[in-house]
Amino acid sequence: MAKIITGILAHVDAGKTTLSEALLYECGAIRNLGRVDTKNAFLDNNSIERERGITIFSKQAILNEKITLIDTPGHVDFSAEMERTLSVLDAAILLINASDGIQSHTKTLWSLLNQYKIPVVIFVNKMDMPDTSKENLLRKLKAGFSENVIDFDSENLNSESFYEEVAGSDDFLMEKFLNGQKIDDSEIIEVIKNRKIFPCVFGSALKMQGVKHLLDILNNYFKTPDYSEKFGCIVYKISKDKQNNRLTHLKVTGGSLKAKDLLGEEKANEIRIYSGEKFESVKEVFSGEVCTVTGLKNSYAGMVYGQAVSNSNYKMEPALIYSVIPPAEIDTPKMLHILREMEEELPEIKVEYSEANSEIFLRLMGEVQTEVIKQLLMDRYNISIEFGEGKIAYKETIEAPVVGVGHYEPLRHYAEVHIQMSPLPRGSGLKYVSKLSVDVLDTNWQRLILTHLKEKQHIGVLTGSPITDMELKVVAGRAHLKHTEGGDFRQSTYRAIRHGLMYAKSILLEPYYNYEIVVPEVSTGRVMSDLEKMHGTCILDENKGGFATLHGRVPVATMKNYINEVRAYTKGQGTLSLAMDGYDLCHNEKEVIEERNYNPNADLENPAGSVFCSHGAGFGVNWDEVNNYKHL
C-alpha cells in the first residue's frame, strides 16, 4: 500500500511528544500513553531526551498501513536535525500551542514548509486550557500564515461556508461553487496537495480530543505523491544503533531497494523498518517508504542515489563557534577522529581544525546543544570535554562577479581551472555549474572539478570565514594528456577560488535572529530603544490585556543573553522567543575584521597563488601575478 510520510513540527513545549503518543495510541501502535514528565514516551527513547524532557533526534514510528510518522525536535538548538527530515516528508502536522499562538520559531517552520513545498495540516493543541478562543486563533492563523487556513473540525466540515472557503482557493472550484455544483473530495485532496489550502484542526492531545479527527484527515485528504519507476533514494539521517552499527536512514523515491543491492559502490547489507526502538528486517522496500540500511560507510545526510533529487541547501545553521577543550589524556588526533564520527550524525556542527594552534572548533546552535554534545561524548566514549566561550560564526560573500584562476604544474603534473564567482541573493548558499564543451575539457575532468568545489568548506579572505551566496561556474580548464592526475585539479580548483576572492570586493555576513518579545505595555519604549542599539528592526504588533507584542530581526551578536535583561526589567513578566533567520550584512564589519586580524597571504593551508613550470622545475607565482602566467 502506498505510504504517506508525515512529520510533526512545532515550537518547543507545544505538546509535540504528547501528540505523537496520542496518535500512536489512537492507531493501536502502543497500549499505554507515555508522558514527557514520566520519562516513558515511546519516541523519546534516548536517555538524554528522557532526562531533559525534549526531543533531540528525529525518529520514525508506523501509525498504520498508510501513515509513517517522523517525530522531529522542537527546541531551536536542534532545528537542523528537524530540517533534514523535510526532504522526505509528504505531509506535515504543524502543531500550535493555543496559549502561545504563532511564535518566532513557528514562523520559521512555516517558511521552511513553504520552501520544501510540503502540504500541511495545522493542529491547534491545548484547547482545553482556559481563555482559548477558536475564532480568535483561526483569525490569527489566517493573518500569520495564509487566508487559506481552513477550519476542518467536524462541525464545519461539509458545511456551505466550508465549501465556499475551499472554492476561494482555486478559480475552477469557485466556478463550480457559483454554479451550484458540488466540490468533490478528490478536488479537495488536490488543492491540499498543491498547498492552496491548509486544513486546521483544534483539540487537546493530552485529553485525546481531536486526535482521531486529525488521523481521519490525514487518511482521507492527503495523497501519496507520484513516484518514478526508476530507482532513486535520498538520505536524510545517519545514526548508530546500540551495537555501534552505522545506520543510514533514507527514503526510496523511485523503484525499489532490495537487501544486498549496491548503493553507489557499497552494499546495503540489511534493510530495517523502525518503529521507535524496535525494527523489522525486510527483503525489499518500495517507492514512498522510509527505511534504515546497514553497511554504508560513505553516505551522508542530503546524499542521493539513482534518480533522486536532493535539496540539501539547509537553512538552519549554527550561529556560534566553540573551541573544544579535551581532557589532557586524549590527544588531538584521537579527539578529532571522534568528533568527525559525531559530525556524520550531526553535520551542522562542522568540525574544524586549526593546524597552526592544534585547536578544534565546533559550530553549535546554543548552550543546550553544547550540553548534549558533552553528554553524548561521555555516554559513548567516556570522555569529558569542555567548551570555550561561544563566538559568532560569520560568513563571507562578494559584491560583484569575478574570475579566479588556479594553475598547478610542478614537474609531471598539470591542471588549470578558471572559476567565475557571481553573487547570489541572501540565503542561496553555494551553487555549482559547469557547462564547458567536451571539446574544451573532458566531462570526467569537469565532474572532478565540481567535486572539488563541493568537497571543501572554502573560506573567505576577510576573516577566514566560510563563503556563501555565490554561483561557482567553471568557465575554462585544461588537462595534459600524460601528466594530469586527479589531485592536480584539486590543487588548481582550490587555488582558483582563493585567487578570485583576492580580487573580489568581499562582504562580511553575520547571523540574525527573528525575535518576538511580549512585555508589559509600560516597557514598550525600553524594548524599542534596546533594539535600536542592537541594530535590529522593531515592529509593534499589538497591545492586548496590558501587554505589547513586538517582533523583527536582530543580529545574534547583539541579542545574546538579552532574555536576562527582559526578565529583569519586566520583573519576570516578559517573554522572548527567538528563531534563526539566516545571514545578512554585518553591522560592525570593520570592527570584526580588525579583531579577527586574518591575513590571507599568511594562510599556507589556503594559498591564492599558483605553481607553474619552467625548464623542468616548478615555481610559485603570487596571486597578483597569476594572470600574467596563465595558459588559457
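# Reading burial, backbone and contacts in a predicted model

Modeller: Let us start with Met208, which is partly exposed because its relative accessible area is 22%, where buried means under 20% relative accessible area, exposed over 50% and partly exposed in between, with a 1.4 Å probe and protein chains only. The model is predicted, and local features need pLDDT of at least 70, side-chain atom pairs count only at pLDDT 80 or more, and totals for chains, interfaces and linings use all residues. Residues are numbered from 1 along each chain as its sequence is written, and side-chain values use heavy atoms, with hydrogens and water left out.

Biologist: Where does Met208 lie, and what is its phi near?

Modeller: Most residues other than glycine have a negative phi, and most peptide bonds are trans. Met208, in the loop between strand 7 and helix 9, has a positive phi near 65° although it is not a glycine. Helices (H or I, at least four residues) and strands (E, at least two) are DSSP runs, numbered from the N terminus. Lys207 is found in that loop between strand 7 and helix 9 as well, and it is partly exposed because its relative accessible area is 48%.

Biologist: How should I read the packing of helix 14 and helix 16, and at what angle do their axes cross?

Modeller: Two packed helices are described by the angle between their axes and the distance between the axes. The axes of helix 14 (residues 524-533) and helix 16 (residues 562-569) come within 11 Å and cross at roughly 160°, where axes are lines fitted to C-alpha atoms over the stretch in contact and angles run from 0 to 180 degrees between N-to-C directions. Because of that angle, helix 14 is roughly antiparallel to helix 16, given that angles under 35 degrees count as roughly parallel, over 145 as roughly antiparallel, 65 to 115 as roughly perpendicular and the rest as oblique. Arg526, Val527 and Asp530 in helix 14 meet Tyr562, Glu565 and Tyr569 in helix 16, contact meaning heavy atoms within 4.5 Å. The residues of this contact divide into three nonpolar, no polar and three charged, where Ala, Val, Leu, Ile, Met, Phe, Trp, Tyr, Cys and Pro count as nonpolar, Asp, Glu, Lys and Arg as charged, and the others, Gly among them, as polar.

Biologist: How many salt bridges does the count come to, and which residue forms one with Lys107?

Modeller: The count comes to 31 salt bridges, each being a side-chain nitrogen of Lys or Arg within 4 Å of a carboxyl oxygen of Asp or Glu. Lys107 forms one with Glu516, the closest N and O atoms being 3.9 Å apart. This pair links distant parts of the chain, with Lys107 in helix 4 (residues 104-115) and Glu516 in strand 28 (residues 506-520), 409 residues apart. Lys107 counts as partly exposed because its relative accessibility is 27%, whereas Glu516, at 9%, counts as buried.

Biologist: What does Thr468 touch?

Modeller: Leaving out residues up to four places away in sequence, Thr468 touches Lys395, Glu396, Thr397, Gly429, Leu430 and Leu509. Thr468 is in the loop between helix 12 (443-455) and strand 27 (470-479), and it counts as buried because its relative accessibility is 8%.
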